[in-house]
Amino acid sequence: MSATLTPAADPATAPEAVPEEQGDAACVLTSHVPLERVIMLVNPLSGSVGPRAAEEAEAILEAYACQTSVVTLEPGAFDDQIQAALDARPDVLFVLAGDGTAGSIASRAGPDGPLVAPLPGGTMNMLPRALYGTADWKAALKIALEQGAPQCVAGGEVTDGQTTQAFYCAAIFGSPALWAPAREAIRVGKLGLAWAYARRALRRAFSGQMRFSLDGRAPRRAEALVLISPMISRAMDEDTGLEAAAMNPADAGQAFRLAAHAVLDDWRQDPAVTTRATQKVAMRARSRIPAVIDGEPVLLRHEARVRFIRKAFQALAPIPAAAEDSV
């Protein structure tokens, strides 16, 4: 890793002729936490990153009075590069990569690791949007540097005995997980694509219910189960658990109505949805369970468990977090 050091200006030697509007007013680091050593990991192959991202990041970071290192992640060396960055114990570790990579790094950092700032470099960018309120990674980088403070992020962890994956925004289990791409297509104005995704979801909407149990209570049946973190839930004010929303459309008409709510407005208003807070979830189905975990599609085994993590990792984000993706 190569590092560049931009020292703070010495007031005794600074040029007096620099006009105020051309000074460093726009590049002052946050006062909420010391940021002396900054590492940024960049995956140029991620959906919305691009081949010049590392160079652009270096140009932005040079304007701030901190020691910086920008690392381009290389195929086959991801794990070693990520571990080296965590072992270096920077004041903050920026991650410009896909949703899955950013979530994995946050999970590895944990509550005792360095501050993590996941920038929007993926497709859905649920976590970065929730923290910074933007899908522009350059804007998110500047917001974190200038306004960031340590923020404890709660989340959940899904395991099916074979795969374990953390999430910090939302996880959708069951065939309606396919509605998530429709919502994203609506967001970016691709109505034709949204309709195609919605039709595919509806075709699979009655492929089989699953049983789930919340906090050891009696099992219930549902077409789908959505678990939402306290950070983005509109219905929860405290980190008491994940918001669990069970969806039970009775027929194709109700499923279409619920799909419309899911992509256009507050789906809690639909009578086919019931919600409550939970800390532990067990679920099972006759076949494998389709899921979308923080925007990443996953096919789980026919049994899975989820647990609430009150302190999953520490993020560098404004106070309060922007929560653009509140649901």
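Modeller: The side chain of Asp160 reaches the backbone nitrogen of Arg301 at 3.0 Å. It also reaches the backbone nitrogen of Thr163, at 2.6 Å. Both are polar contacts (N or O atoms within 3.5 Å; within protein, one must be able to donate a hydrogen and the other to accept it, and residues adjacent in sequence count only if both atoms are side-chain atoms).

A word on the source. This is a predicted model, where local features need pLDDT of at least 70, side-chain atom pairs count only at pLDDT 80 or more, and totals for chains, interfaces and linings use all residues. Residues are numbered from 1 along each chain as its sequence is written, and side-chain values use heavy atoms, leaving out hydrogens and water.

Asp160 lies in the loop between strand E6 (149–159) and strand E7 (164–167). Strands are DSSP runs of at least two residues, numbered from the N terminus. Asp160 is buried, meaning under 20% relative accessible area (1.4 Å probe, protein chains only). Yet Asp160 has no salt bridge, which needs a side-chain nitrogen of Lys or Arg within 4 Å of a carboxyl oxygen of Asp or Glu. The nearest side chain of opposite charge, Arg301, is 5.3 Å away.

Now strand E8 (residues 170–174). Five of its five residues are buried, so E8 is largely enclosed by the rest of the structure. Five bridges join E8 to strand E11 (residues 224–228), running antiparallel. Three bridges join E8 to strand E15 (residues 289–293), also antiparallel. Strands pair if DSSP finds at least two bridges between them. Ile172 has Val226 as its bridge partner in E11. In E15, Ile172 stands opposite Val292.

Note on methods: Helices (H or I, at least four residues) and strands (E, at least two) are DSSP runs, numbered from the N terminus. Buried means under 20% relative accessible area, exposed over 50%, partly exposed in between (1.4 Å probe, protein chains only). Lys and Arg count as positive and Asp and Glu as negative; His and the chain ends are not counted.
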